[in-house]
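Welcome! Take a moment to look over the sequence and the model, and then we will walk through some of its sites together.

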Amino acid sequence: MHSYSLIAPAKINLYLEIIGDASGGYHELAMILQSISLADRIDVLSTSNDSIRVHCNHPQVPTDKSNLAYKAAELMATQFPEAFARYGGLEISINKQIPVAAGLAGGSTNAAAVLVGIDLLWKLGLTQSELEELGATLGSDVPFCVSGGTAIATGRGDQLAPLPSLDNIYIVLAKYRSLEVSTAWAYKTYRQEFGNSYIRDTNDLVARANAVHSGEIVKAIFERNAAKIAEKLHNDLERVVLPAYPQVLQLREAFANEEGVLGTMMSGSGPTVFALFESEQQAEQVKLHIREAISDEDLELFVARTITHGIQVASSV
Ligand code: ATP
């Protein structure tokens, strides 16, 4: 085989709690991450030269060394120099469907797909946990994106514990195309405003993360009860993003007033807002309603569903 085509799903946060400071300016987090059917397609191709090239159909995505997919390829070339020498260069094409800088881990899932694609292309036979370890050096969402499904993520978000898979809960995602929220700004502002209440003792940090493991939303996930899960959605970063970005607040309120919405929340550091539904029909209806209510061409709306996997191979040649 000299090329693999991979499907790289986005994620939403069903839960995001900032517990305290971690080393290196990071935060100790307790999150519940969920893969969704909204996905990019990544083609990874072996070429006869010895360079790494990235192409993308989205004008906002850089194709130089700052692209996370490029960084993933570079990491593999450094880690496995013999394979890189034997199989030659790499051409990576990103077909973006996931909105950029949206709190949906678009870049991270592209990086995860490149790790999986190169592992296959170079016949390295890496295990899931070896791929996740490599991914953790690229960004804290990358390990989750490799395996996907539903998981609790603690530490910086890179320590994963799988949860029962949630299949077929329907989702409407809403994002203003031109609105971006810097993840670094959101966490920095949260620290400035709420850092006084951070847990500082290491044992207490562990105890708090463990408490999330046995919390109400996790119980609801074990019961696969969409309505109960939706009742317990939580995101600490809403405390800083909603007051600063009225458009995000407006979307939260618009969803909350719609019939059939089980629950609504901002994903990650935003600005995407999502709502959960029992059925695809209800989701489609609310998407239409919101489109009518907010007639702004800048607003992007997607219907997706929860899925039980991360990176998947679509085809190989
Ligand atoms: P997260 O949810 O992990 O915080 P995000 O969804 O908010 O991520 P991304 O879509 O990953 O954000 O994009 C963040 C920035 O990273 C963008 O502004 C973009 O310039 C840059 N970037 C680098 N590589 C990629 C990539 N492969 N896809 C999208 N953005 C990328």
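Where is the place of Gly106? Gly106 sits in helix α3; helices here are DSSP runs of H or I with at least four residues, strands are E runs of at least two, and both are numbered from the N terminus. Please keep in mind that this is a predicted model, in which local features need pLDDT of at least 70, side-chain atom pairs count only at pLDDT 80 or more, and totals for chains, interfaces and linings use all residues. Residues are numbered from 1 along each chain as its sequence is written.

**Around the ligand**
- The ligand is surrounded by 21 residues, and the closest are Leu68, Ala105, Gly106, Gly107 and Asn110 (a residue is near a molecule if its C-beta atom, placed from the backbone, lies within 6 Å of it).
- Two or more residues of this shell come from each of α1 (68-79) and α3 (106-121), and α3 gives the largest share, 4 residues.
- By class, the shell holds 10 nonpolar, 10 polar and 1 charged residues; Ala, Val, Leu, Ile, Met, Phe, Trp, Tyr, Cys and Pro count as nonpolar, Asp, Glu, Lys and Arg as charged, and the others, Gly among them, as polar.

**Two glycines of α3**
- Gly106 is buried, with 27 other C-beta atoms within 10 Å (buried takes 20 or more such atoms, exposed 12 or fewer, and partly exposed lies in between, with C-beta atoms placed from the backbone).
- Gly107 also lies in helix α3 and is buried, with 26 other C-beta atoms within 10 Å.
- Not counting residues up to four places away in sequence, Gly106 touches Ala10, Asp40, Ile98 and Val100 (contact means C-beta atoms, placed from the backbone, within 7 Å).
- The unreviewed UniProt entry places its "binding site" feature at residues including Gly106 and Gly107.

- Lys11 belongs to strand β1 (residues 3-21) and is buried, with 29 C-beta neighbours inside 10 Å.
- Asp141 is in the loop between α4 (128-136) and α5 (142-147), and is buried with 27 other C-beta atoms within 10 Å.
- Beyond neighbours within four places in sequence, the contacts of Lys11 include Ala105, and those of Asp141 are Ala105, Ser108 and Gly157.

Note on methods: Two residues are in contact if their C-beta atoms, placed from the backbone, lie within 7 Å. UniProt positions are given in the numbering used here, feature names are shortened, and annotations may be inferred rather than shown by experiment.
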